[in-house]
Amino acid sequence: MNHPFRYAAAAFASGAAALAFGADALAGEAEDALIAKVVSAYGGDRLRNMKSIRINDVYKNAFPGQGYTSGYVEFTPLSQDARIDLAGERGSVEGWSANWNFDTHTRQLSAGEEIVTVNYRDGTYQHATAPDFFSAFGIVYRVSDTLLAYQLAKSAQTAKAAGEENYLGRPHKLITFEMPQSPPLTLHVDAESGVISKMTRETAFGALTYLFSDHKTVGGVGYASSFEFFIGKDPNIITTSRNISVNTVRSNVFSVDRGIVEEPARVSQSEMTVDEIAEGVHLAGVGGAGAAAYTAFIDAGDHVIAVGGYAGLKARYDAYKDAVGHSKPIRYQIVTHHHTDHLGGMADALALGATFVSPANAVENVSVAAGETPPADRLIVLDGEMTLGPVKIYDIATSHAESYALVYAPGAKVAFQADHYTGNYEGDTPTSAGVGAVTLKKAIDDLGLDVDILLSAHGRKAVPWAEFETAVENYDASPCPSGRAICG
Ligand SMILES: [Zn+2]
């Protein structure tokens, strides 16, 4: 994966908590008193009557399991401009991020009755997958103590006092409340000042912790100028600056910018498909709500070679067997690189009897994902390059990973890669390329490979080499081609 908001979506993922608003339900006295204290700390009526809020952040963002090396995870800068129309339940979140491997500039916004995402690098917009306001913009509430205080007051009937604790040497009172599209939130409120020091919640991703400090006031409304976010014990977001303003959001932000056009039609990925790419080479997979996950199966005579290891490998293999009408075993599973999202299917591969072919720096993560270290006779550590029946495998370095297994089938002139380029659109329209695509093309050119078709772990489209070349030629190395304020 290579898009910061996809990671953010995982980091902040919502759960399916049903809201139970009893018409006459009221919080108890302890809850009422604590809510009043929080509201007072954040501005009293100024908070309650707030019409809109704008939050400008600069983050350092970590993507767990996605480091350049397998040793640690680098932080990526992310600038974010969030605007929320509270009364109208409309949002706009613009994000700009540029690092060694990708640069993205997008804005998710409420536009009329729908939620869309603008891609400023492409000059296009698409219909967003988030179905409603809180699915799309609940993330903004959760990272802002001001909005948490605002929403606590609004959802007072769901609030429950949840005990006390000492935090940073100061007594704190805990209170839980419910917000749409999220498991319940627990606020840790400084008993003396009433400010929110911490918010915690339990999700499918484990315990998430949101820390707020350096509380200030602007326009009579309180906010923490420092924010950190943890997944379990691991720091995931650190703010390097935060500014807010109240009642400054104008309605004209809630429309798609002039000159931005709807993106071309996307290749359909809604169903599991098995496409024959060339003789003996098939691509199986499906898109859906999460990351699209595709595996190439290459017929090698009495067995097949699989490459592309996302979760759901067995389902893709079963679909492949149904489509081709045989049940040759997966003898080899090629591990593209050490990133953990590409290893979710390794337990399936182990159970199916495959021998792993892996870059050296991915072996540890493969073992964790598979549930055990593969037996020595079922593990081939990639060293430079190797030939495995109809495929060649090259250990290359790109901007995405220091050690990456590029798979090439010379007979079919097909190459398979993950995370460097995915064609999204029908026909020959290229998708915008990032630095990863540029470095991949250079590696393929340096190896002198004759590639007709480029396959991706993240998409169904069999990309003609000419499209990939065009995408790389079109790459604009300027970090801020749009010239918009967030990056200009
Ligand atoms: Zn990756």
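Residues are numbered from 1 along each chain as its sequence is written, and side-chain values use heavy atoms, with hydrogens and water left out. Because the model is predicted, local features need pLDDT of at least 70 and side-chain atom pairs count only at pLDDT 80 or more, whereas totals for chains, interfaces and linings use all residues.

Helix α2 (residues 29–41) packs with helix α5 (residues 145–154) at an angle of about 140 degrees, their axes lying 10 Å apart (helices are DSSP runs of H or I of at least four residues, and strands are runs of E of at least two, numbered from the N terminus; axes are lines fitted to C-alpha atoms, for helices over the stretch in contact, and angles run from 0 to 180 degrees between N-to-C directions). That angle makes α2 oblique to α5, since angles under 35 degrees count as roughly parallel, over 145 as roughly antiparallel, 65 to 115 as roughly perpendicular and the rest as oblique. In this packing, Ile35, Val38 and Val39 of α2 meet Ala149, Leu152 and Ala153 of α5, where contact means heavy atoms within 4.5 Å.

Helix α4 (residues 133–142) also packs with α5, at an angle of about 115 degrees and with the axes 6 Å apart, which makes α4 roughly perpendicular to α5. Here Phe134, Val140, Tyr141 and Arg142 of α4 meet Leu147, Leu148 and Gln151 of α5.

Strands β15 (residues 273–278) and β16 (residues 281–286) run antiparallel and are joined by 5 bridges (two strands pair if DSSP finds at least two bridges between them). Aspartate 275 stands opposite leucine 283 in β16, and in the hairpin, which has 2 residues between the strands, glycine 280 takes a positive phi near 80 degrees.
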